[in-house]
Amino acid sequence: MSNAVPKTGREQSREQEAAQAAAQQAQEEASGKQVARGPLQTDRGVTTLDDAVVAKIAGMAAREVPGVYDMGSATRRAFSAVTDRIPNAQTNVTGGISVEKGETQTAVDVTVVVEYGASIVEVGNAIRRNIIEQVEGTTGLEVVEVNVNVADVHLPQDDDDNARASSESNRSGELR
């Protein structure tokens, strides 16, 4: 007597489909024809993308969303504040973005600061939508997930405090 559990019809059909796909791939490989696995892999060659390319596209897409005040952790934002004061320095659009990329798929992690009063749920969903639309449309990669981490909420009084501190430091440095 066998203790094996019989397979359902679905399991049997999945196994048949997998066997057919494997046989077709083996046939194509035997004929020397390159198998296209996505829009970046064709029978005439392969296009590769660095992670930084996907990160820049995702960073720009996230910044376009209303309600996003800044990107990245507190440490990254402090570093950016210093580098922004350097003449001719470029803005780092990949700050707050982490990308894991394969041949045909990618996953993106985003760290943002949301403006006070904006719905975090709506901002998160808009970030997710915009990143997926831009990355898939631009690169041809399938975005399997976009994780949004809200690191802080920017309060209007933060701008007032920064402006006051800046004007006080300017006054103290003036010659009399």
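This is a short chat about a predicted model of a protein.

Me: How many helices and strands does the protein have?
Reply: Five helices and six strands. The model is predicted, so keep that in mind.

Me: In what order do the elements run from the N terminus?
Reply: The order is α-β-β-α-β-α-β-β-α-β-α.

Me: What share of the residues counts as buried?
Reply: 25% of the 176 residues of the protein.

Me: And the accessible surface, what does it come to?
Reply: About 12,300 Å². Carbon and sulfur atoms hold 48% of that surface.

Me: Take contacts between residues at least 6 apart in sequence. What share joins residues at least 24 apart?
Reply: 71% of them.

Me: Let's go inside. Which residues of the largest nonpolar core touch the most other members?
Reply: I97, V108, V110, I127 and I131. The core has 25 residues.

Me: Which elements give two or more residues to this core?
Reply: Helices α2 (51–63) and α4 (120–139) do. So do strands β3 (68–71), β4 (97–101), β5 (105–115) and β6.

Me: Which one gives the largest share?
Reply: α2, with six residues.

Me: Why would nonpolar side chains sit together at all?
Reply: In soluble globular proteins, nonpolar side chains tend to be buried together.

Me: Back to I131. What is I131 in contact with, leaving aside neighbours within four places in sequence?
Reply: A58, A61, A62, V108, V110, E136 and V146.

Me: Now α4. How far apart are its end C-alpha atoms?
Reply: They are 28 Å apart. α4 has 20 residues, and at 1.5 Å a residue they should span 28 Å, so the two values agree.

Me: Which residues of α4 are buried?
Reply: V123, G124, A126, I127, N130, I131, V135 and T139. They cover an arc of only 165° around the axis, so they lie on the same side of α4.

Me: Which exposed residues does the face turned away from the buried side of α4 carry?
Reply: V121, E122, R129, E133 and G137.

Me: What do the buried residues of α4 pack against?
Reply: Helix α2, plus strands β3, β5 and β6.

Me: What happens just after α4?
Reply: G140 takes a positive phi there, about 85°.

Me: Over to α2. How many residues does α2 have, and how far does α2 reach?
Reply: α2 has 13 residues. From first C-alpha to last, α2 reaches 18 Å, close to the 18 Å expected at 1.5 Å a residue.

Me: Which residues of α2 are buried?
Reply: V54, A55, I57, A58, G59, A61 and A62. What covers them includes β3, β4, β5 and α4.

Me: Pick out A61. Why does A61 count as buried?
Reply: Its relative accessible area is 1%, and buried means under 20%.

Me: What does A61 touch, not counting residues up to four places away in sequence?
Reply: N130, I131 and Q134. A61 and I131 are 70 residues apart along the chain, yet their C-alpha atoms are separated by 5.3 Å.

Me: Is N130 buried or exposed?
Reply: N130 counts as buried, at 15% relative accessibility. N130 is found in helix α4. Leaving aside neighbours within four places in sequence, N130 is in contact with A61, E64 and V65.

Me: Then D51. Where does D51 lie?
Reply: In helix α2. D51 is partly exposed, with a relative accessible area of 37%.

Me: What is D51 in contact with, again leaving aside neighbours within four places in sequence?
Reply: V99 and K101. As for E100, D51 and E100 are 49 residues apart in sequence and 7.2 Å apart in space, C-alpha to C-alpha.

Me: Last one, H154. Where does H154 lie?
Reply: In strand β6, residues 142–154. At 10% relative accessibility, H154 counts as buried.

Me: Which side chain does the side chain of H154 make a polar contact with?
Reply: That of Y69, at 3.3 Å.

Technical notes. Residues are numbered from 1 along each chain as its sequence is written. This is a predicted model: local features need pLDDT of at least 70, side-chain atom pairs count only at pLDDT 80 or more; totals for chains, interfaces and linings use all residues. Side-chain values use heavy atoms; hydrogens and water are left out. Helices (H or I, at least four residues) and strands (E, at least two) are DSSP runs, numbered from the N terminus. Buried means under 20% relative accessible area, exposed over 50%, partly exposed in between (1.4 Å probe, protein chains only). A polar contact is a pair of N or O atoms within 3.5 Å; within protein, one must be able to donate a hydrogen and the other to accept it, and residues adjacent in sequence count only if both atoms are side-chain atoms. A nonpolar core is a set of buried Ala, Val, Leu, Ile, Met, Phe, Trp, Tyr and Cys residues joined through side-chain atoms within 4.5 Å. Contact means heavy atoms within 4.5 Å. The expected span of a helix is 1.5 Å times one less than its number of residues. The arc is that of the directions from the helix axis to the C-beta atoms. Accessible areas come from the Shrake-Rupley method with a 1.4 Å probe; for residues, only the protein chains shown count as cover.
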